[in-house]
Amino acid sequence: MHRDDICCRVDEADLRRFIGQSLARCGADTPTCDAVVRALVTASLMGVDSHGLRLLPHYIKALQGGRVCGAPQLRMEQRLPAVAVLDAGHGLGHLAGYRAVEKAVEMARQVGVGAVSVGNSSHFGAAGCYAMTAAEQGMLGLALCNSDPFVLLHGSRQAFHGTNPIAFAAPVDGEDPWLLDMATSAVPWNRVQQYSAIGRELPADIAATEDGITTTHAADVRALLPLGGAGFGFKGAGLAGMVEILSSTLANMMHGFHLLPMTGPDMSTPRGVGHFFLVMNPEAFTEREIFQQRIKAYRDDLRAMRGVDDQPVMAPGDREWRCREQRRRKGIPLDHDQRDAYRELSLQLDISSLAERT
């Protein structure tokens, strides 16, 4: 979040309290509340503002409208020693995501790898939360998810894929993980919504109007370009297709082109989002000490490269860890729209408002 967009800051503990109470007021059970709080606060601390606290009002609408079940009956079926399938019961995707990673880690400890396909789910926030959970337990973690159509195919004027994120994390002993969390579109759709709310211009060659014409005006955006933009978008479109196949096809869900819009008027019909999680145990491939030596050497060499204008070269995840440290010290920022939305939720749900710091 740009410093000019910040109107106040809030403490991590108070934000956790507010999110949990808000969800509980709308019928979410304790496991669901805990999972959503964990994911949203993790994203906000790391500076992934498009997938952090700003999503709470949407989740409240989905709970109140009946689109998602606040107390879902999750059903896990282990089909093979390294493969399981989870029916999320149309609950919030955060609970399904964390449960799937737990199961995948369990299988990876036993047989080296664990893969879990998730169906009948919903939006799960930032994919990096789940890859990071595997890395925190000494595993390599991959998290994928499909979504409704926001992204043009390469050379197309019509949205077909969702932003279809890819997240991958690797453990580093005594340090934060190596973490990649990216959309297969040029930017996440939530980033466009965030820029539109605060009146900021978008970078060029990442978004398009209803006619497929590129634009920098966030309010005019009706679709995103795939990663690589107008010239090389076939790369992002291909990656989005890979994510789609693993997320929806394996879970027997409709592919993203047929999903209901996340922010559309229908807040009563479940969407049937699919996820896919893969966890790998490094010790199944090599000695633990050797793996740690190699990955530390890789990241150290990467960071030691010379940067442009003497700026440091950062490994994937470095920006997030620095942001987390700063926000834990200074507070998590809210822009004006987020502050107003949280004040409204406080009144609507009759819970104590956030304590704002300037």
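A residue is called buried when its relative accessible area is under 20%, exposed when over 50%, and partly exposed in between (1.4 Å probe, protein chains only). The model examined here is predicted, so local features need a pLDDT of at least 70 and side-chain atom pairs count only at pLDDT 80 or more, while totals for chains, interfaces and linings use all residues. Residues are numbered from 1 along each chain as its sequence is written, and side-chain values use heavy atoms, with hydrogens and water left out.

Side chains of opposite charge can pair when their charged atoms come close. With a salt bridge taken as a side-chain nitrogen of Lys or Arg within 4 Å of a carboxyl oxygen of Asp or Glu, a search of the whole structure finds 17.

One of these pairs Arg-327 with Asp-49, with 2.8 Å between the closest N and O atoms. Arg-327 sits in helix α9 (residues 318-330) and Asp-49 in the loop between α2 (30-45) and α3 (56-65), so the bridge ties together parts 278 residues apart in sequence. Helices (H or I, at least four residues) and strands (E, at least two) are DSSP runs, numbered from the N terminus. Asp-49 is buried, at 6% relative accessible area, and Arg-327 is buried too, at 7%.

Another salt bridge joins Arg-200 to Asp-5, the closest N and O atoms lying 3.5 Å apart. Arg-200 belongs to the loop between α6 (189-198) and β10 (207-208), and Asp-5 to the segment before β1 (8-10), 195 residues away. Here Asp-5 is buried at 12% relative accessibility, whereas Arg-200 is partly exposed at 28%.
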